[in-house]
Amino acid sequence: MNLRKYLVLAGVTVFAPVGDSLLSYGMKQVGNIHLSNIPDLLLAITNPWVGIGIVMLLGFFASYMTALSWADLTYVLPASSLGYVLLALIARFALHERISLTRWIGIALVSSGVGFVTSGPEVTNRPRRSHMADDSAAPEHP
Amino acid sequence: MIRHAMSNLNAWLAILFVVLSSSAGDVLLSRAMKQIGDLGQWRARRGFTFVGLLIVRNRYFVLGVGCMAIAFYSLLFGLSWNDVSLIGPAAASLTFVANAIAARIFLHEHVDRRRWTAALLVAAGVVLMGL
C-alpha cells in the first residue's frame, strides 16, 4: 500500500456517505413513489439534491473501480466503511447532533472491522492474466 | 395501520433488491477490474481516454453497471417509503455479508478468518449505528 492507494480508499470512504445523504435529502423532497408510478423514479434525478448526490456517487464509483483494480472486493468494502464513522462524527461535531451509546458502540465495531482488514494483504487471488503483463492484448485504438 | 405495513413491506422489498443486485454488481465489477489490471499504471502508460475505453468495453463491467443501476433505483424506491436510518444500515450490513459469500464463491478470494471477522464487525457496527 502506498499514498496513492490510501487516497483512493479515502475517496471511496468520503464520496459514498455524502452522496447517500444528498440522495436521501432529495428523495424526501420528491415524496413517496408508488409501484404504479415507477417512471417517476427517472424524473427524481431532476431534483437538484438528487443530481448533486449522483455526481458525488460518480466520484465514489471512479474511486471504487480504481481500488478494485488492485485489491480484493472483501478488502475494499470493509476498508472503505469508515465512511459510516465519518458521517456520525460530522453529525456529532459539525451538526451538534446527539450520538447515543449504541451508535458509539457501532462506531467502535466498524472501526475495529476496518482495522482488522487493513492489517492484512489487500489481494489474495492474483488474476490469471493481466492485460498489463501483455500489452498486445489491449486494443491499439480503443 | 395498513399504510404503515405497506411502507415496511415496500422498504424490505427494496432492501432485498438492493442487497442482491449490488452484490452481483460488486462481483461483476471486481472481476472486470481484475481482468483489466491496475488502472493507475494503465493511465500512466496509455492515458486517461484509453483507460476509460478499456473499462467500458469490458462485458463484466457493463453487466455490473446494469446490476448497480437496479440497486440504485431500488434504493431510491426504498428511500421514498422509509427512512434512510432503516434502509441504509439494513441494506449495507446485509450487503457486506452477501459480498463476502459471493467473493469466495465467484471470485475465489481467500476469505480468511480476518476478513470474515472484519465483514461481521462492520455489518454489526452499521446496524448499531442505524438504531
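**Exercise 1.** How many residues does the largest nonpolar core have, and which residues have the most contacts inside it?

*Solution.* Note before starting that the structure is a predicted model. The largest nonpolar core comprises 78 residues, and the residues with the most contacts inside it are A:Val12, A:Leu68, A:Val76 and B:Ala91. The element that gives the most to this core is helix α1 (residues 2-36) of chain B, which supplies 12 residues. As a next step, take B:Ala91: leaving aside neighbours within four places in sequence, B:Ala91 is in contact with B:Ile15, B:Val18, B:Val19 and B:Leu75.

**Exercise 2.** Describe the elements of chain A, and then find what share of its residues is buried.

*Solution.* Chain A contains six helices and zero strands, so that, by the DSSP runs that define these elements, the order from the N terminus on reads α-α-α-α-α-α. Of the 142 residues in chain A, 37% count as buried. Turning to contacts in chain A with a separation of 6 or more, 74% of them are accounted for by residues 24 or more positions apart.

**Exercise 3.** Which residues of helix α3 (residues 48-56) of chain B are buried, and why do they line one face of the helix?

*Solution.* The buried residues of α3(B) are B:Val51, B:Leu54 and B:Ile55. Seen down the axis of α3(B), these buried residues fall within an arc of 95°, and therefore they line one face of the helix. On the other side of α3(B), B:Thr49 and B:Val56 are exposed. Finally, the buried residues of α3(B) pack against α3 (48-68) of chain A, together with α1, α2 (39-46) and α4 (59-79) of chain B.

Methods. Residues numbered from 1 in each chain as written. Chains lettered and ligands numbered in written order. Predicted model: local features only at pLDDT ≥ 70, side-chain atom pairs only at ≥ 80, totals over all residues. Core = buried A, V, L, I, M, F, W, Y, C linked by C-beta atoms within 7 Å. Buried ≥ 20, exposed ≤ 12 C-beta atoms within 10 Å, placed from the backbone. Helix = DSSP H or I, 4+ residues; strand = E, 2+ residues; numbered from the N terminus. Contact = placed C-beta atoms within 7 Å. Arc of directions from axis to C-beta.
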